[in-house]
Every structure is written in C-alpha cells, then in structure tokens.
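Subject: Structure handover

Hello,

Here is the structure we spoke about, with the sequence. My notes on what was found in it follow below.

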Amino acid sequence: VRAAEAIRVQGRIREAKALLEPALAQLMDEPGADTVDGLCALAAAEVFSGDLAAGDRLAAEAMRLAQAVGVPEPLLARTFTTCGIAAGMSGRLAEASAALREAARLADRAGAATERARALLNLADQLNGFDDLAAAEVAREALEVSRRTGFASGLVYASGNLADALLGMGAWDEAAAVFDDAERDGFADRSPLCELRGMLDALRGLPPRAVVPTGMESDEDVQTAVTVTLTAAFKAAAAGDRAGALGLARSAVGAAGELSFRHPLLRWSWPLAARLAAELGDAPALADLLAALDAVPPGHLPILLRAERDLARARRAGASGAPDASEQLAAAVAGLRRAASPYHLAGGLLDQAEHLRLAGEASSAAAVVQEVAGIAARLGCRPLAERAALAASQPVPAF
C-alpha cells in the first residue's frame with residue numbers, strides 16, 4: 001500500500017492500482033486498520049484517474065470499516081479526507097466540506113500535522129469557485145502546516161490551491177508571489193504549479209517560460225492532463241490561434257465527466273471555450289457547451305459558470321437581434337459581479353460595451369470600456385488592455 005501511494009503521487013496510477021488490488025485482496029481476509037488504509041489508497045487512485053463511481057464506493061467502504069474496527073484518529077482523519085475528495089470530485093460540495101473539516105479537526109486533536117495539512121489543502125480545493133476568500137485562507141493554513149512539518153507534496157498542492165483562489169479573485173500579483181515562493185523552495189517545476197504559472201503568463205500575454213513540469217510526468221492523473229491542456233489553450237488564444245485554442249478548451253471541458261464542473265479547471269476552460277466559439281461563429285460548438293452545463297444539477301455549478309452561461313446566451317441573443325438582448329446582457333454582467341472574478345467580469349463588460357456601441361449609446365459604452373481598462377491595469381493583463389483599447393477606438397454607427 002505504501003509503495004502504491006508513492007507511485008500514485010508520481011501520476012503512475014495504473015501501476016499503483018496493480019499493486020493495491022492484490023494487496024487489498026489479502027488485507028480483506030482479516031479486516032483492520034491496514035485494510036482501511038488500502039481502501040483509502042485505492043479510492044484515491046480511482047478518483048484521480050477519473051472513475052468517480054468506483055472512488056465513491058471504495059471511500060464509503062473505507063469509512064464503514066474504519067468505524068467498525070475503531071481505527072486510530074490519524075487514520076480516521078485520512079478516511080474522512082478520502083471521502084471528502086470523492087464527494088467533492090462528484091460535485092457534492094456540502095458533503096465534501098463537512099468531511100474535510102472533520103478530518104482537519106480529528107487530525108489536529110491527534111497531533112497529526114500531515115493529515116491536517118492534507119485535509120485543509122483539499123478543503124481549499126473544494127471551496128475554490130464557491131468561496132475564494134475562504135479557500136485562500138484555508139490554503140494558507142495548509143501551506144503553513146506543510147512548510148512547518150516538511151510535507152513537500154502538501155507544499156506543492158496547498159500552493160496550487162492558494163494560487164487558484166487568488167487567480168479567481170483577481171489577486172494576480174499575489175498569485176505570482178506564490179509561484180515565486182515555490183521557486184525559492186525548489187518546487188517551481190512541479191505540477192500543478194508549473195502549469196498554473198504558465199496559465200497566468202498566458203493570461204497576462206507574457207512569453208511562456210521554458211520549464212518542463214516534473215512530479216507528474218504521466219497523464220494518468222486527469223487533473224494534470226487537463227491543466228496541461230488548459231494552459232495550452234490560453235497560450236494559443238494569446239497567440240491569436242483561436243481555432244486551436246477552441247479545440248484545446250473544448251478538450252478540457254470534455255473532462256467534466258471525470259472532474260465535475262465545480263473543479264477549478266472547468267471554471268476556467270468553459271468560459272474560454274464559450275467565448276471562442278462565439279467569436280468564431282461556431283454555433284454547434286456553443287450549443288454543445290451550453291447543453292453540457294444545462295445537464296448539471298444547479299447546486300453543482302459555481303456561480304461563475306452560471307453567470308458565464310447567461311453571458312453566452314446573452315451574446316447569442318444580441319447576435320440574433322433579440323429584443324431583450326440588453327436586459328439579458330445586464331443580468332449576465334450582474335451575475336459576473338457577484339461571481340467576483342474581475343477577469344471574467346471584464347469579458348462580460350466588453351460584450352456589453354459592444355452592444356451599447358451598436359445601439360448608438362456612445363457615452364455608456366465608453367464608461368463600460370473605461371472600467372475594463374481599469375481591471376486590465378489592476379490585473380496586469382495586456383491582452384485585456386488591448387481589447388479595451390480596441391473597443392475604445394471603435395466608431396459609433398450612424399443611424
């Protein structure tokens with residue numbers, strides 16, 4: 001089981017499962033704490049390879065057995081963490097958060113710092129997209145515990161979750177500082193930090209860094225594979241290759257069955273894919289993207305994706321000349337303000353400014369573009385600043 005866990009952390013999930021399955025067959029003969037440990041390890045391997053149903057089933061079995069045999073509190077904490085990860089990856093945020101908070105409490109009471117850090121960094125991951133401020137606070141605590149105890153992989157993933165929360169809130173300079181800290185710690189080339197920094201560089205229009213990610217060389221971990229694809233999509237978009245970027249972004253969105261739309265990677269990939277589909281006039285692609293969100297239970301969708309879906313529909317209504325397009329755009333922008341992601345808000349504002357310009361409302365359009373320019377300056381986002389400047393230079397049509 002320990003060997004399998006070490007292999008899984010490197011992304012070699014098939015090898016890990018090949019060790020775990022026969023190990024568990026033996027451990028089931030006399031169920032005890034080691035059996036719970038093995039069930040947790042196999043549940044994690046299934047979840048991170050994209051088999052959410054199997055991961056859920058194994059996590060629930062581990063929890064039942066842990067309570068039946070009375071495992072020590074550190075292992076019970078780990079079992080709660082495993083259940084929280086499985087629930088969260090399936091989109092069940094409240095259940096995941098409750099399990100992970102209990103895991104952190106038990107680990108703290110038992111003095112199991114590594115288990116506490118593991119619970120907290122996963123709690124931050126669950127909160128991202130629903131409460132970025134709380135996610136950042138929890139991730140910082142996980143980072144501090146990991147640093148104090150020398151928990152290397154905890155440092156990497158807590159840093160990644162903190163950076164993700166900061167990116168969502170528009171605190172891009174703080175996110176860059178997290179990456180700088182990771183570089184000083186010697187973890188700059190580790191997945192997912194390497195890819196997340198590449199995504200930030202692409203968002204800001206900076207040249208890509210010549211860094212090869214390590215620590216997750218295999219694409220068997222679905223999160224790593226999607227992170228690489230999404231980073232490539234943003235780089236292609238920044239380079240002006242909209243068709244290539246759309247293909248990559250749609251590929252990232254296609255992992256929804258393995259990650260669920262509450263996952264941070266899907267929160268970035270869906271809006272990018274929807275905007276590119278609209279800009280390219282690819283109506284079938286946009287219809288597919290909208291249908292994918294419509295099939296998700298409302299409680300499993302972060303507010304950002306709900307607002308971005310409204311925005312995509314409003315753009316489509318405006319393009320077709322629908323009489324209520326202005327109201328749809330205003331409602332979508334209001335939703336984006338509530339989502340509190342300045343980058344995505346700026347995209348919606350530019351759509352609204354273009355609609356106002358075409359309607360002959362020059363002063364209103366100019367005020368909206370000025371707000372976008374301010375957001376671009378705060379984010380240090382050159383592509384967004386260029387789009388704002390282009391929007392400001394567009395003539396008002398004569399009627």
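Not counting residues up to four places away in sequence, S159 touches L143, G154, V178 and L193. Please keep in mind that this is a predicted model. S159 is found in helix α9, and with a relative accessibility of 6% it counts as buried.

Helix packing

Helix α9 covers residues 152–169, and its axis comes within 11 Å of the axis of helix α15, residues 264–279. The two axes cross at roughly 35°, and the crossing of α9 past α15 is left-handed. On the α9 side the contact involves D164, L167 and G168, which meet P264, R267 and W268 of α15. By type, the residues of this contact divide into three nonpolar, two charged and one polar.

Nonpolar cores

The largest nonpolar core has 95 residues. Which of them touch the most other members? They are W172, F234, F261, W268, W270 and L384. Helix α15 gives the most to this core, with nine residues.

For L384, the contacts beyond its neighbours within four places in sequence are A346, L350, V372, I375, A376 and L379. Another core lies apart from the largest one. This other core has 34 residues, including L20, C40, V71 and L75.

Cysteines

How many disulfides does the structure hold? The number is zero. C40 counts as buried, at 1% relative accessibility. C381 is buried as well, with a relative accessible area of 2%.

A backbone point

A340 has a phi near 65°, a positive value in a residue other than glycine. Most residues other than glycine have a negative phi. Where is A340 found? A340 is in the loop between α18 (325–339) and α19 (342–358). Is A340 buried or partly exposed? At 44% relative accessibility it counts as partly exposed, because the partly exposed class runs between the 20% limit for buried and the 50% limit for exposed.

Regards

Methods. Residues are numbered from 1 along each chain as its sequence is written. This is a predicted model: local features need pLDDT of at least 70, side-chain atom pairs count only at pLDDT 80 or more; totals for chains, interfaces and linings use all residues. Side-chain values use heavy atoms; hydrogens and water are left out. Axes are lines fitted to C-alpha atoms, for helices over the stretch in contact, and angles run from 0 to 180 degrees between N-to-C directions. Helices (H or I, at least four residues) and strands (E, at least two) are DSSP runs, numbered from the N terminus. A crossing is left-handed if the near helix is turned anticlockwise from the far one by less than a right angle, and right-handed if clockwise. Contact means heavy atoms within 4.5 Å. Ala, Val, Leu, Ile, Met, Phe, Trp, Tyr, Cys and Pro count as nonpolar, Asp, Glu, Lys and Arg as charged, and the others, Gly among them, as polar. A nonpolar core is a set of buried Ala, Val, Leu, Ile, Met, Phe, Trp, Tyr and Cys residues joined through side-chain atoms within 4.5 Å. Buried means under 20% relative accessible area, exposed over 50%, partly exposed in between (1.4 Å probe, protein chains only). A disulfide is a pair of cysteine sulfur atoms within 2.5 Å.
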